[in-house]
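Student: I'd like to learn how to read a structure like this one. Can you take me through it feature by feature?

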Amino acid sequence: KEYWLRPDATREAHRGDWLRSGDVGFLDAQGYLTISDRVKDMIISGAENIYPAEIEQLIMELPEIDSAAVIGVPDERWGEVPIAILLARKEITADRVLGHLAGQIAKYKIPRRVHFVDELPYNETGKLLRRELRRRLDETVSASASYGRSAACAESRSRAAATSSSVTAAPRSARKWIRTAMQGGYGSNRAWHTFSWTCVLD
């Protein structure tokens, strides 16, 4: 077996008679193997390993959440930190999401930011496209910088509501992402929070 037209990936995956699938799992007391996540999706924050699936499963316990994705983003201090990108089916705030996680997982695993979006990228088989998710976020960061961090933080401190006019300076392809990233809630009651995309308190 081999990867189609990818001999480098084939060599990396095969070790003698073993196939390195890239899955992460554990054996329980009865000897059953449980697959918990993928190595490539693992977030390394400081010296700690964070598995997105653990956080996503907890977030999905909230009835207001339709889909959840947790990815790592660069951080000057820790190397990477987790953020949550959520598709909600009902009105919910980021405070509610973070409050649900508090006490259930270690503090370093709690997402530094919570973003609400209109859709998450999946392929034809229903697999979350994390690379595409990161690409969209990279576009958002660039557009957000052109929008102006100081102005956004000033608005955040005054807890102003996010509106379409807030992102008219951003490229059209990134407007939706900036708008949802800067909102701390989902639905009609949208409140600003200090962990919004453009104004984050560590």
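Tutor: Let's start with a salt bridge. In this predicted model, the side chains of R136 and E132 meet in one, at 3.1 Å from N to O.

Student: Where do R136 and E132 lie, and how many residues apart are they?

Tutor: Here's the general idea: an α-helix has 3.6 residues a turn, so residues three or four places apart point the same way. In our case, both R136 and E132 belong to helix α4, and they sit four residues apart, about one turn of the helix.

Student: Is R136 buried or exposed?

Tutor: Buried means under 20% relative accessible area. R136 has 16%, so it is buried. E132 comes out at 22%, so it counts as partly exposed.

Student: Which residues are linked with R136 and E132 in a network?

Tutor: E119 and R135 join them, and salt bridges link the four. The count for the model comes to 10 salt bridges.

Student: How do I read empty space?

Tutor: Rolling a probe the size of a water molecule over the atoms shows where empty space is left. Here the largest pocket holds about 770 Å³. Its lining has 19 residues, with R38, K40, D41, K127 and R131 nearest the centre.

Student: What kinds of residues make up the lining of the largest pocket?

Tutor: There are 10 charged, six nonpolar and three polar residues. Helices α1 and α4 each supply at least two residues of that lining.

Student: How many residues of helix α2 are buried?

Tutor: Six of its eight, so α2 is largely enclosed by the rest of the structure. The buried ones are P52, A53, I55, E56, L58 and I59.

Student: And what about the surface?

Tutor: Look at L27, L33 and I35, which make a nonpolar surface patch of about 340 Å². You'll find I35 in strand β4.

How values were computed:
Residues numbered from 1 in each chain as written. Predicted model: local features only at pLDDT ≥ 70, side-chain atom pairs only at ≥ 80, totals over all residues. Heavy atoms only, no water. 1 Å grid on protein atoms, 1.4 Å probe; cavity = no way out; pocket = protein on both sides within 12 Å on 5 of 7 lines; lining within 4 Å. Points joined across faces, edges and corners; volume = space filled by probe spheres on them. Nonpolar A, V, L, I, M, F, W, Y, C, P; charged D, E, K, R; others polar. Patch = residues over 30% accessible without salt bridge, like charges linked within 9 Å, V, L, I, M, F, W, Y side chains within 5 Å. Areas by Shrake-Rupley, 256 points an atom, 1.4 Å probe, with all protein chains shown as cover. Buried < 20%, exposed > 50% of the residue type's maximum accessible area, 1.4 Å probe, protein only.
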